[in-house]
Amino acid sequence: MASRAVKAGAGGRGAGGKGAGVKGARRPEVRLPELEPYGGGPLEPDGDYDGLRFTDLDLVGQDGGGARFMDCALTGCAVDETRLHHARVLDSVLTGLRGVGTDLGSATFRDVEVVDARLGGVQLHGAVLERVVFRGGKIDYLNLREARIRDVVFEGCVLVEPDFGGARLERVEFVDCVLKEADFSGVSLTDVDLRRAAEVGFARGVDRLAGAVISPAQLLDLAGVFAAEVGVRVVGVDV
């Protein structure tokens, strides 16, 4: 193992806020060993990739379903329509990935850093994410339906219309993150901290926010959404 999880302390960047009774996410601290460059060739289904560096590779349309990536660095790779369903990504750093329609359905991410990704329509439905940081970048239409998300931090990134429908989130933090038109329908939340998000917007599922923590300012911003959810009409008084 080339990494260890660290729990953010109170008052630190990853602090969950002890005063609010929120448990902070355990972040990965990935320390990669000396890596060998990937020798080339297409990804293989159920392939085993250990201690490798993938740099600026075109992985478009390749099939690595069921593959295992352990102690790896993927940097600047194109992953349009890359099939990685049931893949396992462990103790690895993914930097500058770009692509549309990447299939990571039912994948496992454990002790992983995802940095400056530029992705659209990523399929992570049914995935297991544990001790993962998404830092920077922009992801459009991220599908995390029915996923199990534990000790995950979304930091300084933009998520446009992410779908968390039916997912289970535990110790998840949104830090300096823009969350636009999120779908939280059917979610289960435990210690989900939205207080430091730069922007929060919901398309569906505001009735499922039990287990989340928001700031007073966010409460005011979302007042209209909450009122609409319970059927309250907000109408000014004519003087």
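This is a predicted model: local features need pLDDT of at least 70, side-chain atom pairs count only at pLDDT 80 or more; totals for chains, interfaces and linings use all residues.

User: Which strand is joined to β16 by five bridges?

Analyst: That is strand β14 (residues 168–175), which runs parallel to β16 (residues 188–193). R168 stands opposite S188 in β16.

User: Why is the contact between R195 and D193 called a salt bridge?

Analyst: A salt bridge needs a side-chain nitrogen of Lys or Arg within 4 Å of a carboxyl oxygen of Asp or Glu; the closest N and O atoms of R195 and D193 are 2.7 Å apart, so the pair qualifies under that cut-off. D193 is called buried because its relative accessible area is 2%, where buried means under 20%, whereas R195, at 27%, counts as partly exposed.

User: How do you know that E130 and R110 form a salt bridge, and what does the pair tie together?

Analyst: The closest N and O atoms of E130 and R110 are 3.6 Å apart, and the cut-off is within 4 Å, so the pair is a salt bridge by that rule. E130 lies in strand β11 (residues 128–140) and R110 in strand β10, so the pair ties together parts that are 20 residues apart in sequence. R110 itself is partly exposed, with a relative accessible area of 30%.

User: Why are E29 and R31 both called partly exposed?

Analyst: Partly exposed covers the values between buried, under 20%, and exposed, over 50%; E29 has a relative accessible area of 24% and R31 one of 47%, so each falls in between. These two residues also form a salt bridge, with the closest N and O atoms 2.4 Å apart, and a search of the whole structure finds 19 salt bridges.

User: Is E113 buried or exposed, and which salt-bridge network includes E113?

Analyst: E113, found in strand β10 (residues 108–120), has a relative accessible area of 16%, and the cut-off for buried is under 20%, so E113 is buried. The network of salt bridges links R27, E113, R135 and E155. Leaving out residues up to four places away in sequence, E113 touches P28, V30, S92, V93, L94, V133 and R135.

User: Which residues touch the most other members of the largest nonpolar core?

Analyst: Of the 58 residues in that core, these are F54, F69, F109, F154, F164 and F174. Strand β10 gives the most to this core, with five residues. Apart from neighbours within four places in sequence, F109 is in contact with V89, L94, L104, V114, L124, V128, L129, E130 and V132. In soluble globular proteins, nonpolar side chains tend to be buried together.

User: Why is V230 called exposed?

Analyst: V230 has a relative accessible area of 62%, and exposed means over 50%, so V230 is exposed. V230 lies in the segment after α2 (223–229), and together with V232 and V234 makes a nonpolar surface patch of about 320 Å².

Methods:
Residues are numbered from 1 along each chain as its sequence is written. Side-chain values use heavy atoms; hydrogens and water are left out. Patches are made of residues with over 30% relative accessible area and no salt bridge: like charges are joined within 9 Å, nonpolar side chains (Val, Leu, Ile, Met, Phe, Trp, Tyr) within 5 Å. Accessible areas come from the Shrake-Rupley method with a 1.4 Å probe; for residues, only the protein chains shown count as cover. Helices (H or I, at least four residues) and strands (E, at least two) are DSSP runs, numbered from the N terminus. Buried means under 20% relative accessible area, exposed over 50%, partly exposed in between (1.4 Å probe, protein chains only). Contact means heavy atoms within 4.5 Å. Two strands pair if DSSP finds at least two bridges between them. A nonpolar core is a set of buried Ala, Val, Leu, Ile, Met, Phe, Trp, Tyr and Cys residues joined through side-chain atoms within 4.5 Å.
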